[in-house]
There are 2 protein chains.
Amino acid sequence: MSESGFARTPLPPYYAVMFTSQRNDQDPQGYAATADRMLELAQQQPGYLGVESVRDASGFGITISYWESQEAIARWRAHGEHRVAQEHGKRDWYEHFEARVAVVERAWGKRQG
Amino acid sequence: MSESGFARTPLPPYYAVMFTSQRNDQDPQGYAATADRMLELAQQQPGYLGVESVRDASGFGITISYWESQEAIARWRAHGEHRVAQEHGKRDWYEHFEARVAVVERAWGKRQG
């Protein structure tokens with residue numbers, strides 16, 4: 001289910017989709033299978049740059065996916081299998097979600113050792 | 001330990017600082033106290049709009065803070081007590097972190113019931 005770890009993004013500018021969500025306690029297997037499949041599918045899309053995702057034990061999570069362009073994001077949102085998953089999520093899996101699309105302008109980081 | 005829950009952000013455009021990090025296992029109390037204090041302090045800064053934060057049991061976490069402007073972000077990064085905490089984090093608490101500043105252009109969401 002969604003990899004943990006850091007995305008290896010290029011130098012800005014690029015795009016980010018921030019998805020903050022509270023899972024309900026329904027259908028953990030169905031949800032996990034779909035989350036896995038969506039990650040696999042996203043990675044195959046043109047313009048995909050990476051993803052960072054974390055969810056805590058209460059079901060509160062943040063997933064950020066990174067993209068080369070607005071067009072790449074629009075194509076992914078409109079992808080048939082992804083649309084079915086989005087509808088499923090809205091209806092059955094999320095108590096609440098907020099999605100935001102942003103342009104990353106600056107980035108920095110540090111890894112120890 | 002940073003609140004859990006959703007930020008109540010205004011209509012775009014506004015700014016987001018995405019902070020993805022892997023904690024080491026050092027000094028959990030010191031880290032938690034500083035994280036609490038930084039959240040309290042951030043909330044008092046001009047231009048602060050909200051925060052969303054989650055960390056899993058492995059110590060991998062994402063925190064997104066939202067701001068009215070680049071200037072508000074720059075002021076917060078330069079805040080004396082925050083600078084001390086940033087240095088402490090880089091040196092002692094994070095195995096790896098990546099920070100990104102972005103302009104949020106579009107947003108949508110849904111809450112059940």
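## Polar contacts across the interface

Between chain A and chain B, 29 residue pairs are in polar contact, counting pairs with both residues at pLDDT 80 or more. Keep in mind as you look around that this is a predicted model.

S4(A) gives the largest share, with 18 residues. Sorted by class, the side of chain A that touches chain B holds 20 nonpolar, 11 polar and 13 charged residues.

## Strand to strand

S4(A) also has a partner in the other chain: it pairs with strand S4 (residues 94–111) of chain B in the antiparallel sense, over 15 bridges. For a place to look, find His96(A), whose bridge partner in S4(B) is Arg111(B).

## Salt bridges

How many salt bridges are there between chain A and chain B? The count is two. Glu52(A) forms a salt bridge with Arg100(B), and the closest N and O atoms there are 3.2 Å apart.

On the contact level, 44 residues of chain A meet 44 residues of chain B. The area buried between the two chains is about 4100 Å², and carbon and sulfur atoms give 58% of it. Which residues of chain A lose the most area to chain B? They are Phe6(A), Arg100(A) and Trp108(A), which together account for 18% of what that side buries.

Methods:
Residues are numbered from 1 along each chain as its sequence is written. Chains are lettered from A and ligands numbered from 1 in the order in which they are written. This is a predicted model: local features need pLDDT of at least 70, side-chain atom pairs count only at pLDDT 80 or more; totals for chains, interfaces and linings use all residues. Side-chain values use heavy atoms; hydrogens and water are left out. Contact means heavy atoms within 4.5 Å. Buried area is the accessible area (1.4 Å probe) that two parts lose on being put together, summed over both. A salt bridge is a side-chain nitrogen of Lys or Arg within 4 Å of a carboxyl oxygen of Asp or Glu. A polar contact is a pair of N or O atoms within 3.5 Å; within protein, one must be able to donate a hydrogen and the other to accept it, and residues adjacent in sequence count only if both atoms are side-chain atoms. Helices (H or I, at least four residues) and strands (E, at least two) are DSSP runs, numbered from the N terminus. Ala, Val, Leu, Ile, Met, Phe, Trp, Tyr, Cys and Pro count as nonpolar, Asp, Glu, Lys and Arg as charged, and the others, Gly among them, as polar. Two strands pair if DSSP finds at least two bridges between them.
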